[in-house]
Amino acid sequence: MILYILKRLGSIAVTFFVVSVAVFLMMHAIPGGPFDGNDMPLSEAVRAKLMARLGLDQPLYVQYLNYMWGVLQLDFGVPYQSPGETVLQLLANAWPPSLLLGGLGVLIGAPLGILLGMAAALRRNTWIDYIASGIATLGLTIPVFVISMLLILVFAVWLNWLPASGWGKPERWILPIIAYAAIPLATYARYTRSAMLDTLNRPFVTALRAKGLSERRIIFQHVLRNSAIPMVTVFLPMFIGTATGSIFVEAMFRVPGLGSFFVSSIENRDYPLEMALVLIVTLMFCIAYLLSDIAYALLNPRIRVEGRQ
Amino acid sequence: MNALLKFAGALVAMAGLSAPALAQGSIVSPGQSSTGTYMDYMKTVYARATGSESLQVPLTSFDKDFTLTGLAAESWTQSADGLTWTFKLRDGLVWSDGQPLTSTDYVFALQRAATSGYDFAWYWDFAGGIKNWKEVTEGKADVSTLGLKAVDDKTIEVTTNAPKPYLPSVVSLWYPVPKHQWDKYGDDWATNIDTVITSGPFILKSWVKTNNAVVLAKSPTYTGPWPAQLDELTIDPSFGDPAVGMTAYMAGDVDMTGLNAGQIPVAEQRFADQIRKNAVFAVSYISFDLNSPPFDNVDVRKAMYYAVDRNELTSTVLKNIAVPAGSILTPGYPGYNPEIAAQAVYDPAKAKEFMAKAGYPDGKGFPDVEIWYREEGGYNSAILPPMSQYLQAKFKEVLGINMSIKSMPTKDWMDGLLNKKNNLFIAPYEYDYLDPSNFFGIFYNGGRHDYHIDAYDKLVEQADSNPVWEERVKLYSQAEQVLIDNAAIVPLVHPITMMLFSDKLGGDAASPNKQGFTPQVGAYFNTHLTKQ
């Protein structure tokens with residue numbers, strides 16, 4: 001197990017390196033730099049001065065090595081969009097709102113989705129199944145900004161129960177959390193339904209029933225556990241994807257979160273921030289998959305992390 | 001696990017936060033960009049932080065009728081040869097830390113801009129025409145040779161390369177930089193709320209960098225004209241998108257909001273008395289690469305000039321969020337000549353003739369072309385996509401041209417324009433200062449486009465430096481006639497913005513001007529608003 005984890009950590013390092021080179025090259029291959037795109041073109045002299053100030057006049061490999069040397073010391077540089085603070089300080093300010101709302105969205109949406117999926121599987125082809133599947137399909141197909149807009153219209157404008165948008169007081173969190181919860185809820189409902197139906201049809205369930213186990217024990221102790229693999233697979237990546245903020249949800253609810261920086265760092269050619277975001281998310285996904293693999297082994301003793309059965 | 005721990009930490013941290021209660025006379029208004037770097041207009045214009053221009057006092061400014069008014073400058077005079085302007089500062093102006101505001105703070109602002117790289121440097125070169133500006137920015141001359149002098153604490157002298165009769169209008173974008181603060185902190189003085197000091201009607205009360213939102217408060221130390229009438233002004237770019245702003249407006253979270261084309265009919269029905277229109281001094285036009293086929297042929301360009309039905313475009317496709325443009329100048333803008341604008345008529349027969357004369361009868365043999373426009377926020381986002389589709393259909397119908405459309409991010413678009421990666425563009429431009437030279441400058445001698453039309457350049461040069469207004473206007477009209485005769489551009493539309501203003505807003509700035517428009521101009525707007 002330990003050897004396996006070490007091997008996986010090695011491969012994470014390789015992935016990290018490959019991603020860093022690829023992203024660095026792609027980032028600089030996009031036309032225009034941080035100072036282009038204004039209404040009037042910059043004169044060469046002015047442009048040269050601005051580029052030199054950020055060290056962008058140096059050869060690309062020097063820029064890459066300088067940046068990565070910093071990264072190894074946890075120095076991700078200074079964002080061009082926000083001089084006066086480091087990339088890490090910017091993340092420390094922008095991430096908590098996304099983590100809070102997105103994280104709660106997943107933590108609330110996923111269990112509700114599991115319950116919905118279970119209900120659908122156990123009452124297959126009844127009205128419960130149809131409603132649950134309908135909710136799941138709507139949650140996945142209606143774009144999140146439409147859901148957000150509807151939530152604002154209904155709860156803030158028409159009913160006047162909750163604030164339309166903003167950040168600060170906890171009542172402002174409720175609508176964005178519901179918007180964030182939609183996709184995990186829908187995804188989990190569908191996964192759970194199909195995984196449970198699959199398991200319910202397996203012979204061991206019939207055997208358990210024949211042994212006289214109560215239906216509750218069969219469902220919760222055996223069927224659910226055996227259906228958990230796909231749920232574990234999607235959980236962490238979904239958590240990371242949601243808890244790093246959605247540009248749509250954050251724009252609609254005016255959350256000062258991380259979501260918009262994924263786009264603005266590219267639009268503004270904010271190289272240090274763009275690199276930092278990609279590298280951090282890469283690392284998080286690598287670790288998430290490693291943890292998922294370990295969780296498989298814990299859930300199902302027949303799966304061995306080293307590939308032997 | 002790591003994420004979970006952070007999450008738990010964030011929960012604890014956030015539970016302690018709450019939004020402050022709004023003070024009396026407090027307005028919440030939408031801002032523009034959700035990212036901002038320095039709270040310093042003289043460090044960067046395009047990446048400045050929200051509110052930069054409300055915190056400092058420019059030498060001059062414009063009111064809602066576009067009358068030039070002295071703010072920090074009490075008076076100004078021009079020398080007999082027209083080359084030197086002397087601005088006198090008002091008595092009693094101070095920084096918010098109590099230090100006196102002096103001419104050195106203004107001169108230093110531009111000296112730093114000329115030497116350290118300023119994204120708005122073209123303005124002081126072309127519009128300002130400040131002596132030796134170009135040489136200093138290129139490092140060929142010392143900063144002391146710049147045509148700027150702090151004669152004494154209250155007197156600024158500006159020397160220009162050629163007479164600049166409109167310089168008092170140009171200096172409406174000349175803000176001071178606190179030299180004493182800069183000496184202590186360098187450029188970083190403007191990145192930290194604790195070190196930002198102000199000379200204008202507002203002070204900076206809070207600044208959320210994550211979304212570039214600010215709360216400004218009435219300055220207790222400002223003694224100049226146009227003091228703030230509000231206790232507090234929140235400017236929050238997260239309200240900037242009309243889709244967000246409109247719902248927030250309906251929920252009472254924001255006091256004004258922009259409208260997109262789809263929202264206008266709803267607003268007209270439900271909030272008719274709260275609508276404020278503004279004719280933006282801006283133009284959208286088609287530009288070409290004049291040296292690359294097929295647009296190196298003047299007849300092709302003329303065919304396009306006559307193939308656009310601007311009235312149909314604005315009244316149908318654009319639902320009156322723009323008016324037809326026949327000139328680069330907007331109706332009501334100084335120097336606007338209706339005779340020039342009247343030439344831009346829709347004449348499909350003439351357009352077809354020009355096409356045939358160019359060797360492409362009914363578009364036969366004409367290569368497929370692509371028009372590039374840039375993705376933008378604000379009023380242009382509602383205009384550019386439908387307008388390009390209209391042009392696509394019209395050029396096909398009238399000229400037989402197959403034109404595809406490409407929408408691209410601003411930086412990519414500008415890169416394409418400057419490096420001639422395409423030969424056909426839709427370009428929007430909004431004024432920077434109130435003088436025709438502003439718009440004529442964008443086609444002058446490779447200004448924004450790689451246009452070098454000798455006759456045009458000479459006329460613009462003469463017009464720029466002519467001290468007699470009537471003669472200037474005549475020369476600019478002649479210059480624009482050269483553009484038209486060359487069909488160097490095809491003017492399309494001037495945008496009209498629509499906003500909703502809460503009926504709780506009052507003050508001069510909330511009511512329309514003589515033309516029936518409510519412009520949100522510079523220093524005037526924020527200082528002339530009140531709230532019941």
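# Close-up views of chains A and B

Figure 1. Between chain A and chain B, 8 residue pairs are in polar contact, with both residues at pLDDT 80 or more. The model is predicted. Five helices of chain A, namely α2 (44-53), α4 (87-122), α6 (144-158), α11 (247-252) and α12 (259-267), each give at least two residues to the side of chain A that touches chain B. The largest share of that side, 9 residues, comes from α4(A). The two chains are also joined by 2 salt bridges. In a salt bridge between the chains, the side chain of R269(A) meets that of D412(B), with N to O at 2.8 Å.

**Figure 2. The contact area between chain A and chain B.** On chain A, 55 residues are in contact with 56 residues of chain B. The two chains bury about 4600 Å² between them, and 66% of this area is on carbon and sulfur atoms. D39(A), M40(A) and R254(A) supply 16% of the area that chain A buries against chain B, which is more than any other three residues supply.

**Figure 3. An aromatic pair in chain A.** Over all chains, the structure holds 43 aromatic pairs. One of them is formed by F24(A) and Y64(A), whose ring centres are 5.3 Å apart. Their planes stand at 75°, so the pair is edge-to-face. F24(A) belongs to helix α1 (residues 2-29) of chain A and Y64(A) to helix α3 (residues 60-72) of chain A, so the pair links distant parts of the chain, 40 residues apart. F24(A) is buried, with a relative accessible area of 6%. Y64(A) also counts as buried, at 12% relative accessibility.

Figure 4. Y106(B) lies in helix α3 (residues 103-116) of chain B, whereas W174(B) lies in the loop between α6 (167-170) and α7 (179-185) of chain B. The pair therefore ties together parts that are 68 residues apart in sequence. Both Y106(B) and W174(B) are buried. Ring pairs link these two residues into a cluster with others, including Y41(B), Y118(B), W122(B), Y166(B) and Y433(B).

**Figure 5. Charged ends over rings in chain B.** K43(B) places its charged end over the ring of Y38(B), 5.5 Å from the ring centre. The charged end of R310(B) lies over the ring of Y305(B), at 5.5 Å from the centre of that ring.

Note on methods
Residues are numbered from 1 along each chain as its sequence is written. Chains are lettered from A and ligands numbered from 1 in the order in which they are written. This is a predicted model: local features need pLDDT of at least 70, side-chain atom pairs count only at pLDDT 80 or more; totals for chains, interfaces and linings use all residues. Side-chain values use heavy atoms; hydrogens and water are left out. Rings of Phe, Tyr and Trp (its six-membered ring) pair if their centres lie within 6.5 Å; planes under 30 degrees apart count as stacked, over 60 as edge-to-face and the rest as tilted. Helices (H or I, at least four residues) and strands (E, at least two) are DSSP runs, numbered from the N terminus. Buried means under 20% relative accessible area, exposed over 50%, partly exposed in between (1.4 Å probe, protein chains only). A charge sits over a ring if NZ of Lys or CZ of Arg is within 6 Å of the ring centre and within 35 degrees of the ring normal. Contact means heavy atoms within 4.5 Å. Buried area is the accessible area (1.4 Å probe) that two parts lose on being put together, summed over both. A salt bridge is a side-chain nitrogen of Lys or Arg within 4 Å of a carboxyl oxygen of Asp or Glu. A polar contact is a pair of N or O atoms within 3.5 Å; within protein, one must be able to donate a hydrogen and the other to accept it, and residues adjacent in sequence count only if both atoms are side-chain atoms.
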